[in-house]
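Try each one before you read its solution.

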Amino acid sequence: MVLCPRQPKTALSTATATGSAASFSRVVSPPSHEPLVFNDANRYWAWHSAMHEEIQALRANRTWTLILFHPFMNVVSSRWVYKIKRRSDGSIERYKAHLVSRGFTQQEGIYYSETFSPIIKQATVRLVFSIAVSCGWKIHQLDIHNAFLNGVLDEEVYMKQPPGFVDYALPSHVSLT
């Protein structure tokens with residue numbers, strides 16, 4: 001499976017003619033805000049690189065397989081969520097893009113009550129901190145670039161190919177998780 005980044009017209013800035021082909025460039029200056037939609041993010045190298053890094057991690061972990069779409073499939077869409085990771089002094093450390101499935105597009109009665117994103121509760125974090133403080137342990141922060149849970153699903157989940165990273169050889173295929 002080869003995923004190539006798509007370059008939508010709205011995400012391209014200046015064009016320069018080089019011989020018979022035109023080459024396009026993205027804005028190089030780092031963005032100072034978190035975009036809400038793909039087209040805004042893809043204009044910047046920093047966000048494009050973050051999306052490409054996420055796709056590479058998903059491919060390396062064999063997160064999905066592309067299969068031909070059939071009308072009987074309940075396919076959910078996906079979108080990108082962007083986050084600027086900052087250092088303690090407020091300066092930008094890196095740009096992070098997460099690909100998330102849009103589970104709210106599920107239909108009632110078809111795995112409608114299922115959630116597929118486990119999170120930690122704030123009360124648990126407080127408990128761990130209080131134990132560490134009472135025992136005199138040192139606390140360190142760790143930022144994990146990509147984390148994958150190896151859960152076993154009893155059903156098949158179909159997702160549209162990620163915005164901007166549709167496989168040109170298989171454009172009508174969907175991702176099977």
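**Exercise 1.** Find the volume of the second largest pocket, then sort its lining by residue class.

*Solution.* Start with the volume, the space filled by probe spheres set on grid points joined across faces, edges and corners: it's about 300 Å³. A pocket here is an open set of points on a 1 Å grid over the protein atoms alone where a 1.4 Å probe fits, with protein on both sides within 12 Å along at least five of seven lines; lining residues have an atom within 4 Å of a point. Next, pick out the lining, which includes Ile120, Phe129, Trp137 and Thr124. Now sort: 9 nonpolar, 1 polar and no charged. Nonpolar means Ala, Val, Leu, Ile, Met, Phe, Trp, Tyr, Cys or Pro; charged means Asp, Glu, Lys or Arg; the others, Gly among them, are polar.

A word on the source: this is a predicted model, where local features need pLDDT of at least 70 and side-chain atom pairs 80 or more, while totals for chains, interfaces and linings use all residues. Numbering runs from 1 along each chain as its sequence is written, and side-chain values use heavy atoms, without hydrogens and water.

**Exercise 2.** Work out the strand order of the open 4-stranded sheet and which strands stand at its edges.

*Solution.* Strands are DSSP runs of E, at least two residues, numbered from the N terminus; two of them pair if DSSP finds at least two bridges between them. The order reads β3-β8-β7-β4, with mixed pairing. β3 (65-68) and β4 (75-76) each have a single partner strand, so one side of each has no neighbour in the sheet. β3 runs antiparallel to β8 (173-176) over 4 bridges, with Ile67 bridged to Val174.
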